[in-house]
Amino acid sequence: MKILSNKSTQLQNACVAIANPYLKFRLIKTVLLLFLVFPVFNLFAQSSEMDAFVSDLMSKMTLEEKLGQLNLASGNMGAVLAGSSDDKFSSAIMNGEIGATGGFTFDAIKGTQDAAMKSRLQIPVLIGLDVIHGYKTIFPIPLGLSCTWDTKLIEKSARIAATEASASGVNWTYSPMVDISRDPRWGRVAEGSGEDPWWGSKVAEAMIKGYQGDDLSDENTIMACVKHFALYGASEAGRDYNTVDMSHLTMFNEYLPPYKAAFDVGAGSAMSSFNLIDGIPATGSKFMMTDVLRTRWGFDGFVVTDYTSINEMTNHGLGDLKTVSALALNAGIDMDMQGLGFIGTLKESMEDGKVSMEQIDVACRRVLEAKYKLGLFENAYTYLDESRSEKDILTEANLKAAREIAAHSMVLLKNDNNTLPLQKKGKIAVVGPLATSKGDMLGTWVMIREEKVISTVVEGIKNVGGDGVEVVSAKGANITDDPYLKAGLKSPYAAFMGVKMEEEQRTAAEMIAEAVNISTDADVIVAVLGESAAMSGEAASRADINIPESQKDLLKALVKTGKPVVLVLINGRPLTLEWENKNVPAILEAWAPGTEAGNAIADVLFGDYNPAGKLTMSFPRSVGQIPVYYNHKNTGRPMDPNNKFTSKYLDLPNDPLYPFGYGLSYTTFGYSDVKLNKSELAGNETLTATVTLTNSGQVAGEEVVQLYISDPVASISRPVKELKSFQKIMLQPGESREVIFNITTEDLKFYNSELIYDWEPGDFKVAIGVSSSDLKEAKFIWKK
């Protein structure tokens with residue numbers, strides 16, 4: 001493509017030099033036509049070259065070697081073993097029995113590729129790793145990233161993660177997770193973008209672009225793997241690995257859009273999910289893996305299972321390993337992660353006529369094409385440049401970006417009496433079990449924890465506050481004193497997540513007394529509370545999503561001192577915060593902010609950055625409300641506080657404590673009424689909706705101006721409102737700006753009862769405002 005651009009420039013210059021105006025005109029037309037057409041031709045040529053290369057390679061492969069390409073062995077430990085004295089693993093690679101594995105370090109990954117280069121056909125190995133929100137420079141958890149409402153920053157985080165990971169030899173990441181979820185009990189909400197399919201789609205696109213760049217064969221890109229396909233975020237009761245059951249209308253309108261968006265921008269691979277779909281595990285679902293993914297959407301990458309999900313179909317009641325392995329291949333699965341079902345049973349199943357050689361060839365081709373696109377056949381060591389591993393990781397620029405992105409991800413939930421921002425003077429008591437923690441600042445799914453570079457909250461407040469601030473600190477409480485929860489936090493998984501459960505010799509009362517004592521002469525108390533890194537993420541579902549009782553007792557004691565209290569939340573999910581909202585004057589949702597956690601939190605606390613984050617997942621008042629989400633359907637009896645026989649609770653309001661799109665600022669913003677350029681439209685016209693936004697406060701700030709559309713009369717019941725656009729606007733104090741949105745019929749489309757994606761004429765509402773629950777409306781009619 002770059003060569004084409006240079007040649008086109010030369011040809012255009014030659015045309016300009018021609019004296020004959022007619023010839024000049026004809027040549028310029030020809031050149032412009034070639035300029036437009038050749039990229040498509042070039043793509044065909046590249047595809048043809050790849051097809052020829054892969055076909056030639058496959059003609060030389062034995063059945064066993066083809067099945068080896070479908071085998072992802074040893075999860076993330078494979079490359080570590082290959083780099084050690086484990087001859088069994090290295091021998092398996094050299095024998096062509098392993099097509100993909102994982103790894104953490106440069107030397108281990110190089111050992112893996114060295115073994116692959118000793119195999120008969122020298123087929124390189126895919127090196128996959130869970131690079132979820134950073135490699136060594138860690139960014140906020142994905143749920144936090146989504147709260148930036150900034151696709152450029154989200155893409156930047158993925159770009160840096162790809163650059164760092166690829167510098168150590170990783171060429172494939174099991175990310176992004178694009179599952180829509182409406183249940184914060186599910187621990188893996190930390191890995192996703194919340195409850196909205198439109199915004200989830202935009203985040204998915206940004207992550208794919210960040211990981212894969214413009215050319216997958218570049219040394220600083222890695223192949224993305226979209227997970228978990230599909231519907232995993234709707235696990236019943238918010239319990240991980242649990243079943244899912246939903247209508248096709250709900251699938252296509254509310255859960256599938258982010259997956260499709262990721263594939264539409266070129267994601268190279270996908271990962272199947274653990275849950276059922278129409279009674280069949282996703283890994284065995286031909287409807288999902290072939291009918292939707294391949295036929296309807298045209299995806300041409302490869303699909304890997306989640307960890308041992310083929311084997312787990314036996315627990316679902318679908319047969320033994322041989323049976324379910326054949327089921328998975330027939331469904332459209334290309335690679336088996338850690339299950340050994342494909343490499344162990346497919347040869348026999350082919351002999352029995354349960355699968356065909358053609359199906360094995362198709363799967364093998366897809367895996368080999370991925371390696372071709374990554375440039376591994378041209379140079380198996382493309383991602384193994386030792387000089388890059390020394391200069392591209394944890395750079396000053398990367399840490400600066402991590403600090404900026406972390407600050408942008410934070411959401412100010414409450415700020416009574418202008419408690420925040422803090423002044424850079426006086427005495428600040430920083431209290432809580434997370435105030436000096438390093439590992440917990442990174443959150444879930446961080447494979448390499450470089451703790452020496454992590455800034456704690458205490459350190460950050462000292463760094464940003466400067467010499468004018470005196471900082472005192474105390475632990476105040478354990479993360480939890482609950483025996484059942486504590487046992488889970490002492491597991492090997494918790495240790496891997498960086499959680500260090502220190503056995504306190506002091507009682508809870510003694511720790512609280514110490515915290516209260518150091519706070520008596522403080523000007524303000526910053527309580528850093530919430531969840532440890534192991535309390536959210538995979539296999540970390542919680543039935544009670546309150547702040548643990550030990551920490552809440554501490555918080556109550558701090559509030560009783562009468563000092564201003566700022567609650568800084570470190571957590572991986574929405575929490576139930578009814579008591580905190582009523583009794584604590586200021587609450588900052590900081591999520592798990594990453595490597596620069598303490599510095600970024602302090603930037604927000606002191607007002608060096610005016611928070612502009614907005615929630616992408618509703619915070620319930622109680623777990624009894626779950627699922628609670630803004631884009632719900634109406635009922636035949638919508639809530640009416642004056643009518644008992646309507647859809648409501650006796651003991652709580654229907655609405656969440658903090659709704660989708662909610663977030664405060666250190667300034668205030670005013671919205672004018674919504675103005676439309678017309679109230680009736682037809683066909684492919686464009687509707688323009690305008691509001692005037694005014695910064696009516698005293699400091700500069702950003703506002704996320706959100707636009708929602710309602711379709712009150714349709715062929716099926718539609719959500720009460722749906723996010724369709726937003727703009728993030730920076731305004732100085734007193735400044736006003738017109739914010740203009742263009743709306744087309746694309747914004748009105750949905751899947752109808754026939755699963756046809758189209759729009760229907762009729763009455764609509766457009767609403768613009770500060771959150772999903774605080775909007776100004778205008779009505780319009782759109783005819784076909």
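Author: Happy to. The protein chain has 25 helices and 27 strands, where helices (H or I, at least four residues) and strands (E, at least two) are DSSP runs numbered from the N terminus. This is a predicted model, in which local features need pLDDT of at least 70 and side-chain atom pairs count only at pLDDT 80 or more, while totals for chains, interfaces and linings use all residues. Residues are numbered from 1 along each chain as its sequence is written, and side-chain values use heavy atoms, with hydrogens and water left out.

Now to the pairs themselves. Side chains of opposite charge can pair when their charged atoms come close. A search of the whole structure finds 45 salt bridges, each being a side-chain nitrogen of Lys or Arg within 4 Å of a carboxyl oxygen of Asp or Glu.

One of them joins Asp 334 to Arg 294, with the closest N and O atoms 2.9 Å apart. Asp 334 sits in the loop between helix H14 (321-331) and strand E10 (336-337), and Arg 294 belongs to helix H12 (residues 286-296), so this pair ties together parts that are 40 residues apart in sequence. Both Asp 334 and Arg 294 are buried (buried means under 20% relative accessible area, exposed over 50%, partly exposed in between, with a 1.4 Å probe and protein chains only).

Another salt bridge connects Lys 424 with Asp 608, their closest N and O atoms being 3.1 Å apart. This pair links distant parts of the chain, 184 residues apart: Lys 424 is in the loop between strand E11 (411-415) and strand E12 (426-431), and Asp 608 is in the loop between helix H25 (597-605) and strand E17 (669-671). Lys 424 is partly exposed at 39% relative accessible area, and Asp 608 is partly exposed at 45%.

Lys 783 and Glu 680 also form a salt bridge, with 3.8 Å between the closest N and O atoms. Here strand E27 (residues 774-783), which holds Lys 783, is linked to strand E19 (residues 680-682), which holds Glu 680, across 103 residues. Lys 783 counts as partly exposed at 46% relative accessibility, and Glu 680 is partly exposed at 47%. Elsewhere, salt bridges that share partners join Glu 219, Arg 388, Lys 391 and Asp 392 into one network.
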